[in-house]
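Open your viewer, switch to a cartoon view, and let's take a short walk together.

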Amino acid sequence: MVKKIKMRSLLIGGVFTLLFIIFVGRVFWIQGVKANKLLSEVQQIWETDREVPAQRGKIVDRESRVLAEEVPAYSISVNPSLINQLDILDGVTEGLTEILKDGQDSSELKEKIRGLATKKRTVVPPAENQTDAGASADKGKDDKKDKKLVDPYLKNVEVNNEGKNIDKAKADQVNALIKKLQAEVYAKEKKYGEKADVGINIKTGKKRFYPGNNLAAQIIGYTNREGKASVGIEAQMDEYLKGTPGSISYKSDSKGVELVQSKTVLVPPVNGKDVKLTIDSKIQYYMESALSKVMDEWKPKSLMAIAADPKTMEILGMTSFPNYNPNEFWKAAEQGQTNHNIQSQYEPGSTFKLVTLAAAIEEGVFDPGAWFKSGSVQVEGRKPVYDHNRIGWGNIQYLMGLKKSSNVAFVNLGYKMLGTEKLAQYIDKFGFGKKTGIDLYGEVAGKTKLPYQVDYAAATYGQALTATAIQQAAAYGAVANGGKLMQPYVVKEIIDPATKEIVQETKPKVVGQPVSEATANKVGEYLEQVVSDQVDGTGKDAYIEGYRIAGKTGTANKVIPGQKGYSPDKWVISFAGYAPVEDPRIVLIIIADEPQLGGVYTRGHYVAAPAFREIMLNSLRYLGVPSSKTQTTAAPVQNNALKAPELEGLTTAQAKEAAGRAGLEVEILGQGTKVITQFPKPGTEIGPYQKLYLAVQPPGEVAVPDLKGKSLREVMELCSLLGIRTASSGEGYVVTQTLQGEGDQRLLTVQLAPPGGEVVTPPKEKYEAPE
């Protein structure tokens with residue numbers, strides 16, 4: 001017995017001795033061998049290191065008006081577990097839907113929020129190759145887990161898109177909703193308290209805000225929901241804008257609470273730099289306002305415009321439609337984010353005649369008073385090149401050929417007189433076929449390779465080669481500033497917001513001298529007459545009384561995709577010019593790709609030129625450019641912004657006199673001495689090219705006059721006045737007319753054809769449609 005006790009005591013003592021040795025050895029190992037490593041690991045656990053974000057720099061216009069900046073933002077998340085526990089699902093769903101709907105279909109948003117507020121944990125299904133026994137065993141385990149897992153709902157689900165980075169006004173509404181739900185919960189169950197958590201959380205942060213919404217969207221670009229710059233200046237100047245984040249370090253307990261005696265180390269962030277653009281937001285607004293009207297009325301595939309200071313080629317405005325709102329970038333289609341001014345190329349049409357004209361003057365082959373036969377001209381190895389009206393205007397002078405935009409005149413000047421080699425040199429000198437070097441991503445170079453002789457002939461009037469809007473703006477700028485080709489740019493300065501110091505500045509850069517100053521001045525004088533001559537000038541719709549405008553229209557047929565020929569009913573309509581001629585302040589180009597002209601290309605002059613006039617007039621007034629009193633060298637002109645005068649009730653003599661004072665032409669309909677009704681109606685805004693129709697007897701009794709040679713627009717205006725329905729076939733001008741019915745049941749059917757009287761389909765060859 002004693003022996004057993006001794007053995008038991010010895011065994012117990014041995015075990016304790018062994019445990020003591022192990023404990024001492026472990027302490028030695030931890031405090032000696034592994035001390036430094038473990039201390040380092042513990043310190044890493046204790047120490048909290050948080051990033052302190054830098055303030056992203058602003059993007060401002062040339063007058064320091066803010067185009068993009070950081071503002072407080074709030075993001076919403078929901079707690080499905082708590083919402084369903086408190087039985088407030090309907091209140092949360094209805095309340096958040098009403099606040100976040102923003103005009104969208106509230107039923108879809110309501111279902112989305114309800115789905116988020118009832119989101120459950122994901123249950124992983126058993127593997128397909130499990131045995132039945134294994135599946136049965138796992139099912140038993142899952143049943144046990146389900147019993148332990150009382151709450152299957154998630155505890156934090158973000159309301160992305162609609163609830164991400166909302167503004168303070170909406171955040172205040174969400175806070176009001178939270179208080180309302182808290183009151184309801186407290187009324188039902190006092191135990192939850194008056195300020196109980198109701199499962200809606202608001203996280204404070206920052207977001208990028210664009211106060212102009214769509215204004216200059218393709219230039220500015222945007223940052224996404226994670227704050228990453230995606231396109232435009234935001235991406236291009238990201239290294240300057242984003243700054244350098246700082247950090248804050250301190251020791252904390254296991255719950256992350258800072259220890260009282262810990263030492264805080266702060267590395268302050270370096271805020272981003274501000275980027276000042278050359279854009280003037282006022283001019284940009286004028287451009288977007290005018291072009292939005294063009295989009296609404298003519299519905300082109302795309303529409304673009306550039307305004308620049310020709311002396312420096314600072315871009316004052318650049319817009320492209322369709323556009324988008326960078327505050328809601330996720331709604332933008334890819335087309336809306338495309339800056340067509342630099343990323344799309346087109347056969348420019350007659351706006352390109354600037355190059356041929358300038359080259360011909362520089363080389364001494366342009367004689368404005370010389371005569372040539374218009375209509376058509378034979379080019380080696382191809383069918384004749386026709387003027388846009390197919391028959392021309394007989395024998396006319398070259399200056400008249402410019403005013404009427406005669407293709408034949410420019411084939412003679414550029415192809416026959418200059419020659420292909422010289423023509424190619426000037427195309428290159430004006431910067432076509434290569435990038436301008438503008439400081440925006442995505443610029444394309446255009447194509448100026450002309451493999452065949454016939455292509456050189458077509459190039460003289462702007463077909464068979466392609467160009468971008470920015471290339472054409474630079475070319476017109478070169479003529480406006482006295483012959484210097486400048487590199488366009490949009491980034492004016494980079495500024496340190498703390499010190500206001502200019503960190504980087506872009507200076508104007510001359511990249512070529514395509515023509516002399518004397519030649520450039522001559523070109524300006526001739527282009528001015530294209531606008532100011534209200535009888536023969538194709539650019540007359542861009543005329544502004546009191547300002548000298550130089551400009552050129554363009555109407556180019558589009559190539560049929562996958563074919564060699566040109567489409568008979570798709571055009572690129574454009575207008576380019578500058579003002580005032582004596583001291584150019586703005587060069588402006590507008591291009592509309594495939595406006596819906598109803599198959600009548602003669603309507604093209606209504607598209608770009610009136611928008612050019614509106615933008616130019618507003619911009620010149622905004623810049624304080626005084627109205628010039630100097631008379632131009634062309635025929636007297638009238639104000640484009642006219643309203644039809646009140647002529648009803650006047651005698652025919654009085655009506656003609658009143659219309660004459662307004663610079664308008666009238667056509668008397670019927671037999672009588674006093675005006676009974678008129679079209680357009682008094683007060684209607686009209687252009688100087690538009691005729692006033694005056695009925696001097698009841699419209700139903702007026703005989704339909706001979707309409708041969710009139711356009712479809714003129715026919716429709718006349719028939720509107722007379723109360724006659726119309727039907728038409730063909731394109732061009734009236735060649736035959738047939739009247740059926742009587743009184744207000746009359747139907748006038750007209751057959752249209754290109755000038756010349758024959759009903760033909762436009763040939764699928766290289767030609768330019770009328771201006």
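What is the mean pLDDT of the protein chain, and what share of its residues reach 70 or more? This is a predicted model, so start by colouring by confidence: the mean pLDDT is 84, and 85% of the residues reach 70 or more.

Now select residues 133-137, where the pLDDT is below 50. Beyond near neighbours in sequence, this stretch has one contact in the model. Then jump to residues 755-771, where pLDDT also stays under 50; here the model has 61 contacts beyond four places in sequence.

Next stop: helix 4. Select residues 89-100 and draw a distance between the end C-alpha atoms: they are 16 Å apart, which agrees with the 16 Å that twelve residues should span at 1.5 Å a residue. Show side chains, and look for the buried residues, among them Leu89, Val92, Leu96 and Ile99. What do the buried residues of helix 4 pack against? Their partners are strand 3 (66-78), helix 3 (80-86), helix 5 (106-117), helix 7 (168-188) and strand 5 (200-209).

Finish at an open sheet of three strands, in the order 25-28-26, with mixed pairing. Strand 25 (666-669) and strand 26 (677-679) are at the edges; each has a single partner strand, so one side of each is left without a neighbour in the sheet. Neighbouring strands here are turned by 20° against each other on average, direction ignored. Zoom in on strand 25 and strand 28 (residues 692-695): they run parallel, joined by four bridges.

How values were computed
Residues are numbered from 1 along each chain as its sequence is written. This is a predicted model: local features need pLDDT of at least 70, side-chain atom pairs count only at pLDDT 80 or more; totals for chains, interfaces and linings use all residues. Side-chain values use heavy atoms; hydrogens and water are left out. Two strands pair if DSSP finds at least two bridges between them. Helices (H or I, at least four residues) and strands (E, at least two) are DSSP runs, numbered from the N terminus. Axes are lines fitted to C-alpha atoms, for helices over the stretch in contact, and angles run from 0 to 180 degrees between N-to-C directions. pLDDT is the predictor's confidence in each residue, from 0 to 100. Contact means heavy atoms within 4.5 Å. The expected span of a helix is 1.5 Å times one less than its number of residues. Buried means under 20% relative accessible area, exposed over 50%, partly exposed in between (1.4 Å probe, protein chains only).
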